[in-house]
Amino acid sequence: MELSELQKLILAHIYKFGPDNPWYMARRLMGESGWAPKYDPDLLEKECTELEKLGYLVRFQGSLKRSVTSSVKPWLKVKAKEMGTKPKGIYYDLSREGRRVASQLYKELKKG
């Protein structure tokens, strides 16, 4: 199965930054930053679901209070609260197989 460019970015992002959710990834995929999404959050959700079906991602609900999440910008969280657009508490992390694939993808992205 050939992965799309967006799927490759998602895997590399989670590999580099840790568990994340589509709402935040839409705004900061691979270190991007800003309030306006750079990617469509619904498309990211769809791609994460697809990667989960392929066995590369695992999902867990709720917050990650005791673990480090990716590059969460505190102002992004504050802004989300102000706007009443709190993201769904579904975070994705890499499975064992996903970590193996993401490691390779991340190395390729760093070269390019």
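Buried means under 20% relative accessible area, exposed means over 50%, and partly exposed lies in between, with a 1.4 Å probe and protein chains only. The model is predicted, so local features need pLDDT of at least 70 and side-chain atom pairs count only at pLDDT 80 or more, while totals for chains, interfaces and linings use all residues. Residues are numbered from 1 along each chain as its sequence is written, and side-chain values use heavy atoms, leaving out hydrogens and water.

**Exercise 1. Get to know the chain.**
Find which elements the protein chain has and in what order they run.

*Solution.* 
Step 1: Helices (H or I, at least four residues) and strands (E, at least two) are DSSP runs, numbered from the N terminus.
Step 2: The protein chain holds five helices and two strands.
Step 3: Starting at the N terminus, their order is α-α-α-β-α-β-α.
Step 4: Of the 112 residues in the protein chain, 43% are buried.
Step 5: Contact means heavy atoms within 4.5 Å. Among contacts in the protein chain with a separation of 6 or more, 72% come from residues 24 or more positions apart.

**Exercise 2. Look at Glu5.**
Is Glu5 buried or exposed, and with which residue does Glu5 form a salt bridge?

*Solution.* 
Step 1: Glu5 has a relative accessible area of 57%, so Glu5 is exposed.
Step 2: A salt bridge is a side-chain nitrogen of Lys or Arg within 4 Å of a carboxyl oxygen of Asp or Glu.
Step 3: The partner of Glu5 is Lys8, with 3.6 Å between the closest N and O atoms.
Step 4: Both Glu5 and Lys8 belong to helix 1 (residues 5–17), where they are three residues apart, about one turn of the helix.

**Exercise 3. Follow other salt bridges.**
How many salt bridges does a search of the whole structure find?

*Solution.* 
Step 1: The search finds five salt bridges.
Step 2: One of them pairs Arg59 with Glu52, their closest N and O atoms being 3.2 Å apart. Arg59 is partly exposed at 33%, and Glu52 is partly exposed at 26%.
Step 3: Another joins the side chains of Arg100 and Glu97, at 2.5 Å from N to O. Because Arg100 and Glu97 are three residues apart in helix 5 (residues 96–111), about one helical turn separates them. Arg100 is exposed, at 54% relative accessible area, whereas Glu97 is partly exposed at 34%.

**Exercise 4. Take a walk around helix 3.**
Which residues of helix 3 are buried, and which are exposed on the other side?

*Solution.* 
Step 1: The buried residues are Leu44, Glu45, Glu47, Cys48 and Leu51.
Step 2: Down the axis of helix 3, these buried residues fall within an arc of 165 degrees, so they line one face of the helix. The arc is that of the directions from the helix axis to the C-beta atoms.
Step 3: Asp42, Lys46 and Lys53 are exposed on the other side of helix 3.
Step 4: After helix 3 comes Gly55, with a positive phi near 90 degrees.
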